[in-house]
Amino acid sequence: MATGMSTIDSVRQIGIIGTGDFARALAKRLYFSGYDVIMGSRKPETKMLSAIDECLCNVSLTTTEECVKSVSILFLAVHVENFKDLVHGNEESFDGKILIDVSNRDRPNTVHSNAEYLQTLVPNATIVKAFNVISAYAMENDYNTSSRQVFIASNSGNARSVVSNVAKDMNFRPVDFGGLFAARRIENHPLRLFPDWRGPLGFALAVFNIWLLFLIYIYYISASVYKWEQIFVKVLNKAICMTGITTLAVTYLASSFATIFQIHYGTKHIRFSRWLDKWLKTRKQLGLVSFTLISMHVVMSVLIMSPTYLRSWFHSTAITIPAHLNESFKFDQITWMTWKGEAACLSGILAYIVLCFICASTFPSVTDSLNWREWRFAQSILGHIALCLSVGHVLVMGAPGWLAKPHVLYKSITFLCSIIPWFTLVLKLIFSLPCVDKYVMKIRKGWERNEDSCKAKCMKQTHKGYVEMSTNGTMVEVPSCMEACPCPGDTYPMETLKGRCDCSAPRHV
């Protein structure tokens with residue numbers, strides 16, 4: 001019984017080497033999570049933790065050497081530049097310890113991580129990379145809304161399990177990244193600056209500039225339709241609307257392109273091209289960008305909702321004052337909205353409400369509560385309904401002009417901005433036909449049209465357990481456990497080659 005109690009006590013006792021901001025926030029979090037915390041410092045006599053924060057009055061402060069000897073689990077909350085000085089001459093004291101590295105880098109490094117460097121310094125310790133993506137502020141404040149995920153990497157499965165339990169006790173959500181080599185990815189994570197948003201934002205900006213230049217040409221250069229002082233709201237609102245519906249259509253067009261590729265190859269086991277793969281992975285960001293643009297369009301449209309700006313949306317009554325001398329005076333009295341104004345408002349409001357529901361379903365708290373069918377309904381079916389309503393909104397506003405002047409459709413902004421949305425909806429309609437949908441679903445369930453033929457020139461089966469992969473025109477034999485298209489940095493990078501494979505090509509082993 002005594003042995004069991006001592007084991008439990010040792011597990012609940014954790015050491016922290018370092019007394020900086022993050023170390024103190026970590027100590028407080030661990031203490032309030034029920035752990036007995038010991039902090040180690042090179043000069044403990046000069047540190048007054050309780051004077052800095054009264055919550056640390058129950059945290060023990062001792063020398064680094066004594067802290068290492070007292071616990072089996074250690075947080076290393078010091079900069080990587082101090083690793084070598086810290087362990088120099090005390091390597092054996094770290095033997096058998098679980099050492100949690102929370103350090104970060106100033107710039108990305110693909111050669112090695114801080115954790116891997118630490119492992120070379122203390123080879124007999126178990127190194128775990130964790131908690132580096134949590135800020136000191138998030139560590140100290142429960143109401144903080146930043147991510148609560150803790151990425152964990154270690155070559156020891158038992159150590160990953162122990163650290164995962166510690167993270168759970170601290171009310172964080174552990175994410176197992178596997179071996180210690182994954183520490184490179186974990187350390188690069190805090191250095192990223194919206195990498196998934198660069199493509200969608202760049203695309204939206206490019207489309208916006210194209211539409212804006214076109215509007216300036218037709219409204220100011222080709223003909224003087226508006227005054228330059230109206231460019232800030234009247235004209236920009238049109239450009240924002242056109243960019244929003246174009247981006248929304250492109251968001252759902254990616255899945256149709258993926259379906260076309262799968263039907264063409266007759267299998268789901270051929271990886272998409274890099275451009276299509278990136279396009280599919282950024283659909284959420286594209287959708288949110290389009291929602292933001294459409295929200296701006298809604299606000300700006302409400303601001304200019306008047307007969308002065310939208311004359312075709314309202315009925316007008318001509319009132320004539322009889323002439324007393326030579327001529328009469330005539331003016332228009334604007335009254336109710338026309339069918340065009342009413343229908344445009346209705347379709348626009350419905351489209352925006354549906355988009356709000358779709359946007360809400362992307363929140364992590366909502367996404368976690370949805371099953372796969374519900375999530376697919378919100379993101380796919382409701383998304384195409386929103387696109388259809390948006391096209392209807394544009395159609396109501398532009399159709400009367402199309403019929404009145406069909407010879408100048410190439411100048412109609414409502415016609416031009418609806419081409420890609422129409423194309424997206426037509427493709428979706430074709431792929432929704434029972435005969436086509438059944439064939440696509442059969443492919444996505446694993447059926448292949450030509451199971452015995454090679455699907456790509458860059459890879460083919462040689463014998464059990466091995467495949468041939470082409471690298472710079474030379475066929476080499478590698479284990480088939482490697483993926484068909486390895487990640488950058490793998491020993492045998494794949495090339496995208498056109499045409500079918502030549503199964504009679506000689507092997508060079």
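Tutor: We start with a term: a residue is buried under 20% relative accessible area, exposed over 50%, and partly exposed in between, using a 1.4 Å probe and protein chains only. Helices (H or I, at least four residues) and strands (E, at least two) are DSSP runs, numbered from the N terminus. This is a predicted model, where local features need pLDDT of at least 70 and side-chain atom pairs count only at pLDDT 80 or more, while totals for chains, interfaces and linings use all residues. Residues are numbered from 1 along each chain as its sequence is written, and side-chain values use heavy atoms, leaving out hydrogens and water.

Student: What makes helix α6 largely enclosed by the rest of the structure?
Tutor: Of the 8 residues in α6 (residues 114-121), 6 are buried, so the helix is largely enclosed. The buried ones are N114, A115, E116, L118, Q119 and L121.

Student: What covers those buried residues of α6?
Tutor: The cover includes the strands β4 (73-76), β5 (98-101) and β6 (126-129), along with the helices α5 (83-87) and α9 (183-188).

Student: Why is the pair D21 and R24 called a salt bridge?
Tutor: The term asks for a side-chain nitrogen of Lys or Arg within 4 Å of a carboxyl oxygen of Asp or Glu. For D21 and R24 the N to O distance is 2.5 Å, so the pair qualifies. These two residues are 3 apart in helix α2 (residues 21-32), which means about one helical turn separates them.

Student: Are D21 and R24 buried or exposed?
Tutor: D21 has 55% relative accessibility, so D21 counts as exposed. R24 has 18%, so R24 counts as buried.

Student: Which residue does E187 meet in a salt bridge?
Tutor: The partner is K129, at 2.9 Å from N to O. This pair links distant parts of the chain, with E187 in helix α9 and K129 in strand β6, 58 residues apart.

Student: How do you know that E187 and K129 are buried?
Tutor: The relative accessible area is 1% for E187 and 0% for K129, so both fall below the cut-off for buried.

Student: What about K281 and D277?
Tutor: Their closest N and O atoms are 3.1 Å apart, so they form a salt bridge too. They sit 4 residues apart in helix α12 (residues 274-281), about one helical turn. K281 counts as exposed at 58% relative accessibility, whereas D277 is buried at 19%.

Student: How many salt bridges does the whole structure hold?
Tutor: The search finds 9.

Conventions: Contact = heavy atoms within 4.5 Å.
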